[in-house]
Amino acid sequence: MRLSKYFLPVLKETPKEAEIVSHRLMLRAAMLKQEASGLYAWLPLGYRVLRKVQNIIEQEQDRAGAIELLMPTLQPADLWRESGRYDAYGKEMLRIQDRHERDMLYGPTNEEMITSIFRSNVKSYKDLPLNLYHIQWKFRDEIRPRFGTMRSREFLMKDAYSFDLTKEEAVKSYHRMFVAYLRTYYRMGLTAVPMQAETGPIGGDLSHEFIVLADTGESGVFCDKALLDQPIPPKDVDFDGDLTSYVRDWTTMYAATEDMIDMDKFQSEVPEDRRIEARGIEVGQVFYFGTKYSEPMGATVADANGQEVPVHMGSYGIGLTRLVPAIIEASHDDDGIIWPVSVAPFELALINLKAGDEECASTCDGLYKQLENAGIEVLYDDRDMGAGGKFATADLIGLPYQMIVGPRGLKNNEVEIKNRKTGERTNVSLEQAVDFLLERIVPERRQDV
């Protein structure tokens, strides 16, 4: 993409309404535009990141055996009356009526609807286990939306729902999602620590939150430092096998939010030099809630003896529009965002230092074609402006690498390549420049880990 033809209305000044780093940078980098309280338009640069996040989530959900569908945003209120949650949910639920005065709601979550879909179509234990998921916009009428898309009213969410015959089988489904989440966050360049959590209005008795450590996190977290170096389950992990050992490795070491902390246990179980007391951002949560929805809504299957039994269920959520700012909170500096390659809107900024110089322009045009042919996602800054503005834009939007082309380097048949994260600059010959980048970018995509 040529920047002269792209829509990137970056801001020089920080908007006054932005309270945290990610909100400030997302607005300044032209990722978002606020349309109303808690409602945002995702501009082209931000939407590219959102789609990359979605792609990784879908790949790992599919790998774990979940099956994708799509449910409507509006739901009939009668489904929620069946489960007993319609009146209990509170003012966060947006309740509306259609032209026929039928009670509807803008879905904040989908336990009821997926249970309705299941009970209409699955009748035998032989069709279990089953995990259905979708990625869809949801709405919760937060009393005080804040922090940009970290806590907005409309948000994009992946929610998966598992159905099993017994609790034992349901826990196996829970473990599959647990492992899939570990892999998902790692592929996005994050270390997300699972911490035992309250189940809240979802219900149930087994739940974990996945927390990313960040100085501006919403809640205090306490964990064993060894968790930050814990190996991630490999790409070829057998999701049909026994995953208990992976879950045990991640849950036996102490980790808790400030709401769940047992300070005596934390201090007795974790050596002093391994104790982390920090802030964290929740980027996903998994729940097992048994028959909370299947019993009142009549979601049963015939077991091996022909008896109708309610299925055991779980739900597994990841907020995509929350994940994007969480990545920024965990990876930025004073100059702007620092994207991991796997979720970066573009992998490389190609910068022509001297607009109007014929040699610089022709060299950049040639490199631009080579980079695209090599499969590198490049944003070519071909604007007629000074080098300082181009550097500021590249640093602000956080592309992982910069290729800098100027008259001085071309005299030596070289370009300069900058690593945005480390700041390291390397002079590379024109002939080797594309291969130099491929050697670094391809592993950092984390597609084969």
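Contact, as the word is used here, means heavy atoms within 4.5 Å. This is a predicted model, in which local features need pLDDT of at least 70 and side-chain atom pairs count only at pLDDT 80 or more, while totals for chains, interfaces and linings use all residues. Residues are numbered from 1 along each chain as its sequence is written, and side-chain values use heavy atoms, with hydrogens and water left out.

Helices (H or I, at least four residues) and strands (E, at least two) are DSSP runs, numbered from the N terminus. In α2, the residues V49, L50, V53, Q54 and I57 meet L320, T321, L323, V324 and I327 of α9. By class, this contact of α2 with α9 comprises eight nonpolar, two polar and no charged residues; Ala, Val, Leu, Ile, Met, Phe, Trp, Tyr, Cys and Pro count as nonpolar, Asp, Glu, Lys and Arg as charged, and the others, Gly among them, as polar.

Two packed helices are described by the angle between their axes and the distance between the axes. Axes are lines fitted to C-alpha atoms, for helices over the stretch in contact, and angles run from 0 to 180 degrees between N-to-C directions. The axes of α2 (residues 44–63) and α9 (residues 320–330) come within 10 Å and cross at roughly 110°. The two helices are therefore roughly perpendicular, given that angles under 35 degrees count as roughly parallel, over 145 as roughly antiparallel, 65 to 115 as roughly perpendicular and the rest as oblique. The crossing of α2 and α9 is right-handed; a crossing is left-handed if the near helix is turned anticlockwise from the far one by less than a right angle, and right-handed if clockwise.

Helix α9 also packs with α1 (residues 21–28), their axes coming within 8 Å and crossing at roughly 105°. That angle makes α1 roughly perpendicular to α9. From α1, V21, S22, L25 and M26 take part, and from α9, V324, P325, I328 and E329. This contact of α1 with α9 has six nonpolar, one polar and one charged residues.

Helix α2 has a further partner in α5 (residues 167–187), where the axes come within 9 Å and cross at roughly 150°. The pair is therefore roughly antiparallel, and its crossing is right-handed. Here I56, I57, Q59, E60, Q61 and R63 of α2 touch M177, A180, Y181, R183, T184 and R187 of α5. Those residues divide into five nonpolar, three polar and four charged.

Two backbone features deserve attention. Most residues other than glycine have a negative phi, and most peptide bonds are trans. A30, although not a glycine, has a positive phi of about 60°, and it is found in the loop between α1 and β1 (32–36). A cis peptide bond, with omega about 0°, joins L128 and P129; P129 lies in the loop between α4 (111–121) and β7 (130–139).

At the level of the chain, the domain assignment, whose bounds come from an automatic or database source, gives domain 1 (3–337) and domain 2 (346–445). Between these domains, 16 residues of domain 1 are in contact with 13 residues of domain 2.
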